[in-house]
Amino acid sequence: MIDQVQLIAEQRKFNNCSYKFQIRCSDFCVEPLFRFDSDGSTHQNKSDPLAVQQVPTPHFNCFNPEGFNHAYQTDEMKDVEYSELQDMQRFFAIFCEECYIVFGDDEPLEILKGDQRELDLNLHNEDFLADVNFEI
Amino acid sequence: MNTLELFGDIKETFCSLWKYKLRGETMEVITPFTTPNSKFVSVFITRRNDSYIVTDGGWLLAGEYYNAESVNQKDINPLLKYFEALYELKTIDHYGTKMFFSSTEEVKMIPNKVHDLSQFISQAVSSYALKINDERELKESESFKFDADQFIRGIVGTEKIAKRHSVSTEYDAVRFNVIIEYGSEISLVKYITGSTPHYYKTSLTNAQADFNIINKSPFNTVIKNRIAIINDSAPGYDSKKGSLYTGLLEEYLKRPAVLWSQREKLYELL
């Protein structure tokens, strides 16, 4: 009997453009059943023709009918500027709509992030290499 | 489509796989290089005064392409060092994340650096994947060997089991999992298992070769029973695909192979 289905949200420390939302059910499958990645590596959909295999972030990840990991973008996720990813609520709403998650009377779920005891200062620099001291 | 059109199509397709994303003053270049676990490699280009830096951005060891725990294992370091030296890369530690990079002051050399970093990342991830694959296979075969050894010991006792795994020094290359001594005769046992269909098939064909060689040797006349035990609960076991090979093996065994799920048949054979 399948136990719990979990909704998990994770954000990288000091980078509020890099976060993931996942639906997991460990009784059913080790891997997340459905996932949203805002940032990170570009996925390869191996079963597609080469010209359309690349799916950059932000993207959704799911399993196709053949059981392979498949990534895709909806129209709202294409050509997104990196700084737009700071609006986590917007992309969380897209995620919830895509996997039919609602709360109460079709109200959108609100995502609260961070430690409420700390000031929510934006420490992130869009250029993550800006303060790296490359010794040439 | 004629040959030239075909070539044009291939070239255009590959070219379309080069994409970019702007991250402030850094540009992420998404390359056509891939990893065994279905990711396209990205490299990052930024400037420091007159130099152009091309780097993996720390993504390799941060686990962006492959499980972070695996890529940071100490014993994988020699492979990483090899590739690092091959592409003449430098490293820098940034808040606990190690980044690999190469630099140039010449714009025309940037594509070279992009090529080198991309190859490095792709090859490093491939070597992790291969190592994990090999480790899984070793674990699987060791586990089955332990169970099968124990089962056979339970039937014949330890005294009859020969300490050696080959019939003589001349035939030392032909190895058996168990050799059982019955006075002037011996029985030879081989285990067939595999964590993937590839390893399973290798195990099967090795067994064929070994029994074939021993059957053509002078030892043929002193063999009481030739036994193959097939691990039918192995991840790589495929009864349909393996049946052609099993048939040939059974010719050399002069009897059917024994499935692990029917191992009680070994009581009659041993």
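**Which strands of chain B does helix H5 lie across, and at about what angle does H5 run to S8(B)?** Let's start there, keeping in mind that these views show a predicted model.

**View 1. Helices H5 and H6 of chain B lie across strands S8 and S9.** Helix H5, residues 197-215, lies across S8 and S9 (223-230) and runs at about 160° to S8(B). Helix H6, residues 239-253, lies across S8 and S9 as well, with an angle of about 160° to S9(B). If you look for S8(B) itself, you will find it mostly covered, with seven of its eight residues buried.

**View 2. Four strands of chain B make an open sheet.** S7 (178-182) and S10 (258-259) are the edge strands of chain B, each pairing on one side only. Between S8(B) and S9(B) the pairing is parallel, over six bridges.

**View 3. S7(B) and S8(B) form a hairpin.** The two strands run antiparallel, and five bridges join S7(B) to S8(B), residues 185-192. Ile179(B) stands opposite Leu188(B) of S8(B), while Glu181(B) has Ile186(B) as its bridge partner. Two residues lie between the strands, and Gly183(B) in the turn has a positive phi of about 65°.

**View 4. The largest nonpolar core holds 35 residues.** Phe134(A) from chain A is among the residues with the most contacts inside this core, along with Leu60(B), Leu80(B), Phe100(B), Phe120(B), Ile121(B) and Tyr128(B). In chain B, at least two core residues come from each of S3 (39-48), S4 (51-55), H3 (77-86), S6 (97-104) and H4 (110-156). H4(B) gives the most, with 10 residues. To get your bearings, pick out Leu60(B): leaving aside residues up to four places away in sequence, its contacts include Leu80(B), Phe100(B), Phe120(B), Ile121(B) and Tyr128(B). Apart from this core lies another, of 21 residues, which includes Ala162(B), Tyr171(B), Ile179(B) and Tyr200(B).

**View 5. Two tyrosines of chain B, Tyr66(B) and Tyr128(B), are stacked.** There are 25 aromatic pairs over all chains. In this one the ring centres are 6.4 Å apart and the planes meet at 25°, so the pair counts as stacked, the cut-off being under 30 degrees. Tyr66(B) sits in the loop between S4 and H2 (68-71) of chain B and Tyr128(B) in helix H4 of chain B, so to speak a link between distant parts of the chain, 62 residues apart. Tyr66(B) has a relative accessible area of 15% and is therefore buried, as that is under 20%. Tyr128(B) is buried too, with a relative accessible area of 2%.

**View 6. Aromatic rings gather in chain A, and two charged residues sit over rings in chain B.** Nine names to look for in one aromatic cluster are Tyr19(A), Phe21(A), Phe34(A), Phe36(A), Phe60(A), Tyr72(A), Phe91(A), Phe92(A) and Phe95(A). Over in chain B, Lys190(B) lies over the face of Phe176(B), 5.7 Å from the ring centre. Arg263(B) has its charged end over the ring of Trp260(B), at 4.2 Å from the centre.

Key:
Residues numbered from 1 in each chain as written. Chains lettered and ligands numbered in written order. Predicted model: local features only at pLDDT ≥ 70, side-chain atom pairs only at ≥ 80, totals over all residues. Heavy atoms only, no water. Core = buried A, V, L, I, M, F, W, Y, C linked by side-chain atoms within 4.5 Å. Buried < 20%, exposed > 50% of the residue type's maximum accessible area, 1.4 Å probe, protein only. Contact = heavy atoms within 4.5 Å. Pairing = 2+ DSSP bridges. Axes fitted to C-alpha atoms, helices over the stretch in contact; angles between N-to-C directions. Phe/Tyr/Trp six-rings, centres within 6.5 Å; stacked < 30°, edge-to-face > 60°. Lys NZ or Arg CZ within 6 Å of the ring centre and 35° of its normal.
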